[in-house]
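Here is a short report for a reader new to this structure. Start by looking over the sequence and the model.

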Amino acid sequence: ITLSDVEETVDKTTLSEVIDAAKAIKEEGYTANSWTALQDALTAAETIMADDSATQEQVDQAASALQSAMDALQVKASASALNALQNMVDKANALDSDDEALNAAITAAQALLNDSDNASVTAVVSALLDLSEAMQALNTNESIDALRADVQATIDFIKENILTNVDNVRPGKVDALEAAVEAAQKLVDDPDATADELKTANKAMTKAAQELW
């Protein structure tokens with residue numbers, strides 16, 4: 001087989017399209033590690049694109065790896081989401097508890113705050129909701145008003161930081177979260193709501209939010 005025969009049989013159309021798509025993505029808004037992984041995959045793909053002796057398998061693999069790196073891009077948490085997490089960590093630390101679940105949640109949240117360039121929206125949301133849950137589990141004697149305020153804070157956080165970032169999420173999951181938020185809001189507004197009802201509503205929101213991604 002001559003070189004020209006090889007060139008004719010290798011189709012680089014898909015690879016070219018994926019490279020163009022990857023180049024069109026802007027860096028701001030994504031976590032540092034996932035952005036670096038995308039750039040590495042892009043460099044490798046461009047090398048294969050320029051290689052006249054590349055096989056179809058190599059071309060397909062490069063296109064697939066680059067597509068995977070694009071799919072794996074993680075949206076960086078906003079400053080307001082990180083602030084909300086910091087406030088929650090401060091509240092949790094103030095409890096000065098030796099509860100294992102709470103301290104594990106504090107450690108996980110603090111690790112995200114320490115490396116904010118790599119703190120994705122999903123990770124921050126999960127950490128915040130885990131903290132909220134651990135604190136509520138601990139505060140068994142918490143007054144109903146304080147509990148109501150906690151649930152309202154969860155609702156506000158979800159509305160501001162999660163429901164504004166659901167472009168690539170399955171609609172059914174978003175509907176489930178919106179329904180959980182609506183149900184929780186009704187309880188917060190209901191003067192006769194019990195502590196157990198409020199805690200259950202908060203858990204339902206947490207679960208629905210964490211199932212989004």
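A pocket is an open set of grid points where a 1.4 Å probe fits, with protein on both sides within 12 Å along at least five of seven lines; its lining residues have an atom within 4 Å of a point. The model described here is predicted.

## The second largest pocket

The second largest pocket has a volume of about 280 Å³. Its lining counts 16 residues. Nearest its centre lie Ala84, Met88, Leu128, Ala153 and Phe157.

Helices H5 (79-94), H7 (121-138) and H8 (144-162) each give two or more residues to this lining. H8 gives the largest share, with 7 residues. By type, the lining splits into 6 nonpolar, 6 polar and 4 charged residues.

## The nonpolar cores

The largest nonpolar core holds 45 residues. Leu85, Val124, Leu131, Ile162, Leu177 and Met205 have the most contacts inside it. At least two residues of this core come from each of H5, H6 (100-114), H7, H8, H9 (171-189) and H10 (195-210). H7 supplies the largest share, 9 residues.

Take leucine 85. Beyond residues up to four places away in sequence, it touches Ala109, Leu112, Leu113, Val124, Ala127, Leu128 and Leu131. A second, separate core has 19 residues, including Val10, Ala41, Ala45 and Ile48.

## A loop threonine

Threonine 31 sits in the loop between helix H2 (13-23) and helix H3 (32-50). Is threonine 31 buried or exposed? It counts as buried, because its relative accessibility is 1% and buried means under 20%.

Which residues is threonine 31 in contact with, leaving aside neighbours within four places in sequence? They are Gln74, Val75, Lys76, Asp117, Asn118, Ala119 and Ser120.

Notes. Residues numbered from 1 in each chain as written. Predicted model: local features only at pLDDT ≥ 70, side-chain atom pairs only at ≥ 80, totals over all residues. Heavy atoms only, no water. 1 Å grid on protein atoms, 1.4 Å probe; cavity = no way out; pocket = protein on both sides within 12 Å on 5 of 7 lines; lining within 4 Å. Points joined across faces, edges and corners; volume = space filled by probe spheres on them. Helix = DSSP H or I, 4+ residues; strand = E, 2+ residues; numbered from the N terminus. Nonpolar A, V, L, I, M, F, W, Y, C, P; charged D, E, K, R; others polar. Buried < 20%, exposed > 50% of the residue type's maximum accessible area, 1.4 Å probe, protein only. Contact = heavy atoms within 4.5 Å. Core = buried A, V, L, I, M, F, W, Y, C linked by side-chain atoms within 4.5 Å.
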